[in-house]
Amino acid sequence: MKLLIIEDEPNLLSIIRKGLSEKNNEVSVALDGTTGLEMILNHNFDVVILDIMLPDINGIEICRRLRAAKNFVPILLLTALGTTENIVTGLNAGADDYLAKPFKFSELEARIAALARRSNQEHRPNDLIQIDDLEIDRRAKSVKRNGELIQLTAKEFKLLYYLANNAETILSREKILDNVWDINFDMNTNVVDVYINYLRNKIDKPYQNKLIHTIKGLGYIIKP
């Protein structure tokens, strides 16, 4: 799994990272809330392990901001604050589960695995997507707009499907590169912009209603 740990206690962070890495997980870390939030927004993780008490932005506020941005990455809260009120506040802010410190590593593993399984069941790809008069069939690899078949290359289809399967969500260039091209973000590449232009020429240009929009400084979004 691809995991992110946001924890400001170096010793605990080191123990969790070592243990999860030894289980063949890809583990990233952040020591403060601002860095952690930025990493979540720009990359895809299977589960985020999030401490409540952090410098700058606390864990509960990170949960609120992510859910407000329609980012539903599974979140496991780590808390030394074991009162019912704090647990309820965290869950109401959007966390999926919690674990009170101190905890056994085996329980942490089990909770992470359960969150990942639940997420995989809830976020299966949609075979058929319709946005306004745009129709996308994932299995047939076909795209129609206003009933007219549109010819796309394999990469154009993959990009369009990724945008459409995350409709009405702003997707950064980093995220698009990570999911469509399977490469890390390179400041010198404009491949995303080039392919967005290809799609616009085929999907939007011949039609009055435009579906693909640029959000300046943030990325792209597809919406009616």
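**View 1. Asp132 in the loop between β6 and β7.** Asp132 is partly exposed, with a relative accessible area of 38%, where buried means under 20% relative accessible area, exposed over 50% and partly exposed in between (1.4 Å probe, protein chains only). Phi of Asp132 is near 60°, a positive value in a residue other than glycine. Helices (H or I, at least four residues) and strands (E, at least two) are DSSP runs, numbered from the N terminus. The model is a predicted one, in which local features need pLDDT of at least 70 and side-chain atom pairs count only at pLDDT 80 or more, while totals for chains, interfaces and linings use all residues. Residues are numbered from 1 along each chain as its sequence is written, and side-chain values use heavy atoms, with hydrogens and water left out.

**View 2. Asp56 in the loop between β3 (47–51) and α3 (59–68).** Asp56 has a relative accessibility of 53% and therefore counts as exposed. Its phi is near 55°, again a positive value in a residue other than glycine.

**View 3. The cis peptide bond from Lys101 to Pro102.** Omega of this bond is near -10°, and Pro102 is found in the loop that runs between β5 and α5 (105–122).

**View 4. The open sheet of five strands, in the order β2-β1-β3-β4-β5.** The pairing is parallel, two strands being paired if DSSP finds at least two bridges between them. Because β2 (26–30) and β5 (97–100) stand at the edges with a single partner strand each, one side of each is left without a neighbour in the sheet. Strand β1 (residues 2–6) pairs with β2 over five bridges, and Ile5 stands opposite Val29 in β2.

**View 5. The two sides of helix α1 (residues 10–21).** Leu12, Leu13, Ile16, Gly19 and Leu20 of α1 are buried. They cover an arc of only 140° around the axis, which puts them on the same side of α1; the arc is that of the directions from the helix axis to the C-beta atoms. Pro10, Asn11, Ile15 and Lys18, on the other side of α1, are exposed.

**View 6. The largest nonpolar core, with 29 residues.** Such a core is a set of buried Ala, Val, Leu, Ile, Met, Phe, Trp, Tyr and Cys residues joined through side-chain atoms within 4.5 Å. Ile136, Val143, Leu160 and Ile176 touch the most other members, and the largest share, seven residues, comes from α6. A second, separate core of 21 residues includes Leu4, Ile40, Cys63 and Val73.

Conventions: The expected span of a helix is 1.5 Å times one less than its number of residues.
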